[in-house]
Amino acid sequence: MGQRRRRGQAPDPRTLVDAGYVGHAPQTVELVKSALAARRGSTGLARLINTHSHSDHIGGNAALQAAFGCRIVIPAGIERMVAEWDTHALLLDSARQRGDRFAHDAVIEPGAEFEMGGFAWKALPAPGHDMEALVYHCAEQRILISGDALWQDGFGIIFGEILGRKEALPATRATLEMIGRLAVDIVIPGHGAPLPAYLKSVPFFDHVNVTMLGFSDEDFASWLLGELLRSKSIEIKDGWILPTMAP
Ligand SMILES: [Zn+2]
């Protein structure tokens, strides 16, 4: 994260969110080194914060800690599995992934507020893809670090659904609705480039419904489908809703 120092305020620690897969760890260390070198007065990497427990987010933790001596902060919900290095709960066994064991220094509780890059952030619970995941929201800068709870074209696979946890699917929906209500201009997802203003359309549609239509969710969805069909933005082929290139 960038650093904005207010007068009289101590410099905040350089923080990285998530660390990539273990196979890319040397590359991740080099990328962080060059990012730090590009900033004047760099004080090194002081802190690494994870969004959730998956191998492509915690895999570089050990290497980064060895290279920079950074503190590692993890969501409180994954503390036991990390401390005991429960490779089953960490999905390393079932996904046939490797992971370098690391020791965490602190946890972030859901709802906790903390400082990062000179701004205030809040950790929000985002169960679904990972039931213990957190997303990090900066209301002042309208930024959301979404991990795998939201990508540009979807979100991470709902592992709980595969593992038979019935609550995973409704939790995913509730998390997306929660994200849709946040004041956000930029989403920094766990995979892919940041999405500028991606979510603005969600509150917009909500607003149109509340102020002008007052439909139930179901009626609103069918009204929206009708409008998109009428404007030829989508078409239905063999039961699938498909986008069209028509104006
Ligand atoms: Zn994930």
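Analyst: The part in question is an open sheet of four strands in the order 1-2-3-4, with parallel pairing. Helices (H or I, at least four residues) and strands (E, at least two) are DSSP runs numbered from the N terminus, and two strands pair if DSSP finds at least two bridges between them. The edges are held by strand 1 (15-17) and strand 4 (106-108); each has a single partner strand, so one side of each is left without a neighbour in the sheet. On average, neighbouring strands of this sheet are turned by 25° against each other, direction ignored; the axes behind such angles are lines fitted to C-alpha atoms, for helices over the stretch in contact, and angles run from 0 to 180 degrees between N-to-C directions.

The model is predicted, so local features need pLDDT of at least 70 and side-chain atom pairs count only at pLDDT 80 or more, whereas totals for chains, interfaces and linings use all residues. Residues are numbered from 1 along each chain as its sequence is written.

Pro75 has Ile108 of strand 4 as its bridge partner. Ala106 also lies in strand 4. Between the C-alpha atoms of Ala106 and Ile72 there are 6.6 Å in space, although the two are 34 residues apart in sequence. Beyond its neighbours within four places in sequence, Ala106 is in contact with Arg71 and Val73, contact meaning that the C-beta atoms of two residues, placed from the backbone, lie within 7 Å. Ala106 is partly exposed, because 13 other C-beta atoms lie within 10 Å; a residue is buried with 20 or more other C-beta atoms within 10 Å of its own, exposed with 12 or fewer, and partly exposed in between, again with C-beta atoms placed from the backbone.

Asp18, in the loop between strand 1 and helix 1, has phi near 70°. Asp18 is buried, since 23 other C-beta atoms lie within 10 Å. Trp85, in the loop between helix 4 (79-83) and strand 4, has phi near 45°. Trp85 counts as partly exposed because it has 13 C-beta neighbours inside 10 Å.

Helix 3 (residues 61-68) contributes Asn61, Ala63, Leu64 and Gln65 as buried residues. Its buried residues pack against helix 1 (25-37), strand 2 (47-49), helix 2 (55-58) and strand 3. Just after helix 3, Gly69 takes a positive phi of about 65°.

The axes of helix 1 and helix 3 come within 9 Å and cross at roughly 45°. The two helices are therefore oblique to each other; angles under 35 degrees count as roughly parallel, over 145 as roughly antiparallel, 65 to 115 as roughly perpendicular and the rest as oblique. The crossing of helix 1 and helix 3 is right-handed, a term used if the near helix is turned clockwise from the far one by less than a right angle, anticlockwise being left-handed. Where they meet, Ala25, Pro26, Thr28, Val29 and Val32 of helix 1 face Ala63, Leu64 and Ala67 of helix 3 in contact.

In soluble globular proteins, nonpolar side chains tend to be buried together. Apart from its neighbours within four places in sequence, Val135 is in contact with residues including Thr51, Leu124, Leu144 and Ala149.

Strand 6 and strand 7 run antiparallel and are joined by four bridges, with Leu134 of strand 7 as the bridge partner of Pro125.
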